[in-house]
Amino acid sequence: MIIAMTGVSGNMGIEAFTQTLELPEVERVRILLRNTRKNRKLYRKLKRKYKSRVTAVFGNVSSFPVCNTLVKDADYVVHMAAVIPPASDASFKQSYECNLRGAVAMTDAVKAQTKKPKYIHISTVALYGNRNEKHPFGRVGDPLLVSPFDSYAMHKLYGERYVLDAGLENFAVLRQTAMLHPNMLKDNVSDGLMFHTALNSPLEWVSSRDSGYLIKRIIERDLKGEVPQFWNKIYNIGAGFKGMETGYDTFQDGFGIIGGSAEKFFRPDWLSPRNFHGMWFADGDELEKLFGYQRDGVHEYWKEIAKRHRIYGLAKIVPAKLIYLFLFKRLLNHPNAPRRWIKRGDYARVQAYFGGERGVNALPKKWDEVKLMAKGDFGDYDELRNAELAKKNGRLLSLGYDESKAPEEWTAEDMRQAAEFRGGRLLDEAETGSPYKKLRWRCHGGHEFFSSPYTVLKGGHWCPVCCQPSPWEYDRLAKHSPFFAQVWYDSHEKNENYVYEADEDGTATAVHFSDGEERE
């Protein structure tokens with residue numbers, strides 16, 4: 001049996017690769033690597049250890065011929081390749097080529113095979129956009145509101161939709177959450193990206209090790225014919241309660257390794273209060289019930305990082321003030337740091353991340369002015385992180401149709417209700433039992449598009465003009481769509497009227513408009 005994999009040079013990818021090769025049924029794993037010195041070195045290392053059980057195709061994932069070579073005669077294809085932040089922030093083009101064109105090329109290659117492989121596509125929690133204490137829990141089917149200027153999430157959104165509507169025989173889309181890996185601390189103290197994290201952002205951390213183990217378990221159980229219900233669905237990859245934190249306590253865990261805390265190392269007004277991404281999963285138990293992969297807890301994993309990198313402990317003897325000045329304060333001038341945007345008058349990003357100058361002026365300057373979920377300022381923290389209580393107490397968003405029905409049970413009425421809740425209409429007659437057959441829909445703006453009921457109702461996708469950036473027109477969208485408004489107004493004022501645009505290089509601009517008028 002042959003497994004084809006992309007992304008093996010990444011944290012999840014190398015775990016999936018090594019753990020999948022523990023299965024005796026796997027004869028060979030064929031991997032795709034960009035032709036770089038680093039990747040050639042990685043392949044030589046893997047070849048020495050696994051010999052004929054690993055082969056490589058060198059090339060770009062955005063190339064159909066390369067992807068076609070990779071997946072030929074494969075039984076399973078696991079597409080994990082991604083350009084993630086901060087690299088995607090620094091290179092819009094690389095994000096586009098890998099996250100979007102790569103998904104298209106890989107999907108087309110899978111579809112072109114005579115022997116159809118089963119396809120696992122790794123998507124991302126970033127599609128859901130910004131969440132805070134008002135609706136920290138979500139699930140598959142929730143609105144997809146990619147945060148303005150998040151090129152990574154934007155391209156992943158396009159790529160995921162392409163997979164869902166491609167008509168593949170056997171696929172699974174897995175939306176990966178925030179991921180813990182051995183080099184977490186080192187990778188996150190060298191870029192202004194760390195200041196994008198909102199203190200009350202709900203983050204559900206899963207380890208790269210458990211993520212790789214999930215891929216192994218999917219293949220292992222599927223080979224035994226134990227999970228036929230798994231395929232042709234979307235899932236959230238999470239860790240459950242033991243992985244749930246906020247931005248604030250994530251800083252506490254990471255900085256605790258070097259003898260500090262958020263309070264010691266930076267000021268609260270260094271951080272943006274919105275326009276991030278992350279949430280806790282109300283449906284995170286679905287994959288766990290099928291595959292039993294959730295083993296690592298976030299606190300225990302941080303301790304493991306500290307044990308693995310004992311050099312971090314040396315920082316404990318350095319005065320916190322010096323770390324504040326020379327490690328973190330210097331990052332305020334990084335091109336990707338929100339305070340840098342404020343300083344240089346980057347109007348577009350300041351509006352998106354802060355709500356403009358007014359929002360900047362309202363930022364708390366002292367830690368005792370900050371309200372935190374992690375400290376119980378919005379209720380008991382353990383209760384806030386309880387998925388069952390969130391469901392019971394009505395703290396989940398509405399999807400606009402009867403969620404108790406399986407997709408095969410959806411009727412035309414279910415689809416009409418969902419469309420109306422999104423501010424639009426279903427234009428075709430729908431048949432019960434056909435959730436993957438493309439239908440014609442119309443949004444509030446009159447745009448007509450074809451998409452499957454599964455993509456719309458269970459995927460959370462909607463109009464490819466109004467709801468898929470760029471531009472980001474969510475202020476306008478929320479005025480017409482209760483589906484999107486219920487989460488957008490958790491962090492935006494109803495009187496905000498902005499269109500956020502990025503040019504072909506990803507450079508941000510914001511255009512103010514009044515409803516019904518031309519953009520200025």
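A: Let's start with strand β7, where six of its six residues are buried, so to speak "mostly covered". Buried here means under 20% relative accessible area, exposed means over 50%, and partly exposed is in between, using a 1.4 Å probe on protein chains only. Helices (H or I, at least four residues) and strands (E, at least two) are DSSP runs, numbered from the N terminus. Bear in mind that this is a predicted model, in which local features need pLDDT of at least 70 and side-chain atom pairs count only at pLDDT 80 or more, while totals for chains, interfaces and linings use all residues. Residues are numbered from 1 along each chain as its sequence is written, and side-chain values use heavy atoms, with hydrogens and water left out.

Back to the strand. Both faces of β7 are covered. Phe171, Val173 and Arg175 are buried on one side, and Ala172, Leu174 and Gln176 are buried on the other.

Now for the partners. Two strands count as paired if DSSP finds at least two bridges between them. β7 pairs with β5 in the parallel sense, over six bridges, and isoleucine 122 has leucine 174 in β7 as its bridge partner. β7 (residues 171–176) is also joined to β11 by five bridges, and these two strands run parallel. Two residue pairs show you where to look: alanine 172 is partnered with lysine 233 in β11, and arginine 175 stands opposite asparagine 236 in β11. Strand β11 itself (residues 233–237) is mostly covered, with four of its five residues buried.

Step back and you see the whole sheet. It is an open sheet of seven strands, in the order β3-β2-β1-β4-β5-β7-β11, with parallel pairing. The edges are held by β3 and β11, each with a single partner strand, so one side of each has no neighbour in the sheet. On average, neighbouring strands are turned by 20 degrees against each other, direction ignored. Angles run from 0 to 180 degrees between N-to-C directions, and axes are lines fitted to C-alpha atoms, for helices over the stretch in contact.

Something also lies across our strand. In the loop between β6 (137–138) and α6 you find phenylalanine 149. Phenylalanine 149 has a positive phi, near 75 degrees, despite being a residue other than glycine, and counts as buried at 6% relative accessibility.

Asn39, Leu42, Tyr43, Leu46 and Tyr50 are the buried residues in α2. Looking down the axis of α2, they fall within an arc of 100 degrees, so they line one face of the helix; the arc is that of the directions from the helix axis to the C-beta atoms. An α-helix has 3.6 residues a turn, so residues three or four places apart point the same way. The buried residues of α2 pack against α1 (11–20), β2 (28–33) and β3 (54–58), where contact means heavy atoms within 4.5 Å. On the other side of α2, Arg37, Lys41, Lys45 and Arg48 are exposed. Just after the helix, lysine 51 takes a positive phi of about 50 degrees.

Aspartate 73 sits in the loop between α3 (64–71) and β4. Aspartate 73 has a positive phi of about 65 degrees although it is not a glycine, and it is partly exposed, with a relative accessible area of 41%. Proline 86 is in the loop between β4 (76–79) and α4 (87–90), and the peptide bond from proline 85 to proline 86 is cis, with omega near 5 degrees.

Finally, the cysteines. A search of the whole structure finds zero disulfides, a disulfide being a pair of cysteine sulfur atoms within 2.5 Å. The sulfur of cysteine 443 has its closest cysteine sulfur, that of cysteine 466, 3.6 Å away, which is too far for a bond. Cysteine 443 is buried at 4% relative accessibility, and cysteine 466 is buried too, with a relative accessible area of 11%.
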